[in-house]
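Here is a short report on the charged contacts and the strands in this protein. Have a look at the sequence and the model first.

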Amino acid sequence: MRRRSFLAGTAALACGRPRRVEPGFGETRDTVAALLDAWREKMPVVGLSIALVDRGELAWATGFGMADREARQPATADTVYAIGSLTKIYTALAAVRAAQAGRLDLEAPLQRHLPQLRALGSDAIRLRQLLCHRSGLVSDWHRGSLGARPPDWRRVADEVAEEPLLAAPDSWYAYSNVGYTLMGHVLDDMSDKPYQEHVLDVARLALGGSGLGFDPPPGMAASYCAGQREHEPRLRLQPAAGMFGSVLDLVPLLRWLLAGEGAAAAMLTPQSAGPLDFDERWGLGLALQHVGLAHAGRVAWHTGRTFGHRAALFALPDRGLGVAVLANFREAGGVEDLAAFALQTALLERDGLDLPPSAGDAEARPRAPFDPAALQAHVGRYAHEFDVVRLAVERGGLVSRAEIGKTALIPAAGGGFHSADNPDAHVTIAERAGHHVVTSTVRGVETRIGVRCPFEHVPEDWLRRVGRYTVDAGPDEVVAFKAAHLTAVEGGLELRLELPQAFATSSTLARYALIVTGPHEARTFGVGRGKGQRVAAFDGPEGPELAWAGYRLLRSDA
């Protein structure tokens, strides 16, 4: 049985080929409900809503659990959530429509619209690159990013004006909330209406109706973490993640993407990619590759997350199927898997289309003899998207170690490695474009996992800065992490962000490898989101200080 087997934690649901049912997606509904039941055994599931579109028609929409547990308000298809980064799709839509109307040139330099951007290389950024995350701009800017009354997002352009680029424009994909915020600034200046009004007008005109908004309505879903109710703060970077809506409000967008005409066709067109992007592909405002849906033809998708809400939207234009999922608990990072799982089931139920074979379907995976000296060539620290993992030779084999555990990499016949934890994955470690890179290939889709960090000795002036730091936050500001820890490890420095409360698997929100570039400056190392961002060091009146991603971090070892 191949269906959906790549999804961790769902093996119990994938035993035996499902019975065929009459149209109505009864099997899909039952599978989603069963998956949520499996989630409840592992985490405090609160509320979730889902809508499925089939060939332009709403096939199914419902809610599970509670939108507001204390008020005994159930989650329904009409429940409003913060949709987070799904907002980027609407920002991209407004930009593409403006370009097609001749009001905006996507090939124009960003500096033509925002001349205050002065960092080296900024003159090479084109507007199109903002929409497909290839601008080289910093990924995130945390100053005032969460709170009851965040600062005006239009000031971000001035705040990042001299912030160094992560990499030269068009080097590789590096997801950027800042890039979309600056695109919002361009649209705001271009239109005779504020950005928010302009984008909502475009959405209503292009999509034929939408109840989305930029202000949380009364009765919006509450926010939960570890089963406890939390206040859902406002997000500063409105063009990147500021919208609110229900799954029914997202249905017009799904219908429009499935039709794939006009501006939708432009947004679904793959943009340029480089050797370190491997099989990652972006259109304008949409990711265009997903390992769980590569068998279904074209795929367009995006996820979203706010302080406590989670979102996912997928469209399969060649199959006429789309799904939107929204949830109100922080642990629901699996909404992406759930959405893909729902579409896999719907494809099998409606069309009889199953996932293609993978390495994990084989009864046995051939092992190859290994050379300990060859394995030693791969030892070191590797920068992952939000972590730093270590490859080491242990008991004659190669092991990947992270805070949440370790994984054995087993030499495979024909080269590369099998992953002991993911039977579908074929792991390769090789030199690519000047970097030593770990990739994982599942069903023909190769994804970058990590890039080996250079080994360096930490200078004395940085060693004395090692310690615990807290954010110098404003009175109404909400900080997503409890503390930042600058630590010296074998081979260099690392910056670890500590979660406000420890979860079952880890107390770490993110971990970055740092490369020292001077007495008062370091950079996060790696390729992709957040890699290459400056960490500046100062000697403040009360001790060492750091500046990173818009935050001022004060030494606080207590």
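## Arg 523 and Glu 521

Arg 523 and Glu 521 touch through their side chains in a salt bridge, with N and O 3.6 Å apart. Keep in mind that this is a predicted model.

How buried or exposed are the two partners? Arg 523 is partly exposed, because its relative accessible area of 21% falls in the band between the buried cut-off (under 20%) and the exposed one (over 50%). Glu 521 is partly exposed too, at 25%.

## Lys 482 and Glu 498

Next up is a salt bridge between Lys 482 and Glu 498, where the closest N and O atoms are 3.9 Å apart. Lys 482 sits in the loop between β21 and β22, while Glu 498 belongs to strand β23 (residues 492–498), so this contact ties together parts that are 16 residues apart in sequence.

For Lys 482, the relative accessibility is 46%, which makes this residue partly exposed. Glu 498, on the other hand, is buried, with a relative accessible area of 15%.

## Asp 215 and Arg 234

Asp 215 pairs with Arg 234 in another salt bridge, and their closest N and O atoms are 3.6 Å apart. This one links distant parts of the chain: Asp 215 is in the loop between α7 (195–207) and β6 (223–225), Arg 234 is in strand β8 (residues 234–235), and the two are 19 residues apart.

Asp 215 counts as exposed, because its relative accessibility is 57% and the cut-off for that label is over 50%. Arg 234 comes out as partly exposed, at 23% relative accessibility.

Some charged residues join up into a network of salt bridges: Arg 381, Asp 387, Arg 390, Glu 403, Glu 494 and Arg 511.

## The barrel

Now for the strands. Eight of them close into a barrel, in the order β21-β22-β23-β24-β25-β26-β27-β28, with antiparallel pairing. On average, neighbouring strands of this sheet are turned by 30° against each other, ignoring direction.

Zoom in on β21 and β22: strand β21 (residues 467–471) runs antiparallel to strand β22 (residues 483–489), and three bridges join them. Which residue stands opposite Arg 468? That's His 485, in β22.

Technical notes: Residues numbered from 1 in each chain as written. Predicted model: local features only at pLDDT ≥ 70, side-chain atom pairs only at ≥ 80, totals over all residues. Heavy atoms only, no water. Pairing = 2+ DSSP bridges. Helix = DSSP H or I, 4+ residues; strand = E, 2+ residues; numbered from the N terminus. Axes fitted to C-alpha atoms, helices over the stretch in contact; angles between N-to-C directions. Salt bridge = Lys/Arg side-chain N within 4 Å of Asp/Glu carboxyl O. Buried < 20%, exposed > 50% of the residue type's maximum accessible area, 1.4 Å probe, protein only.
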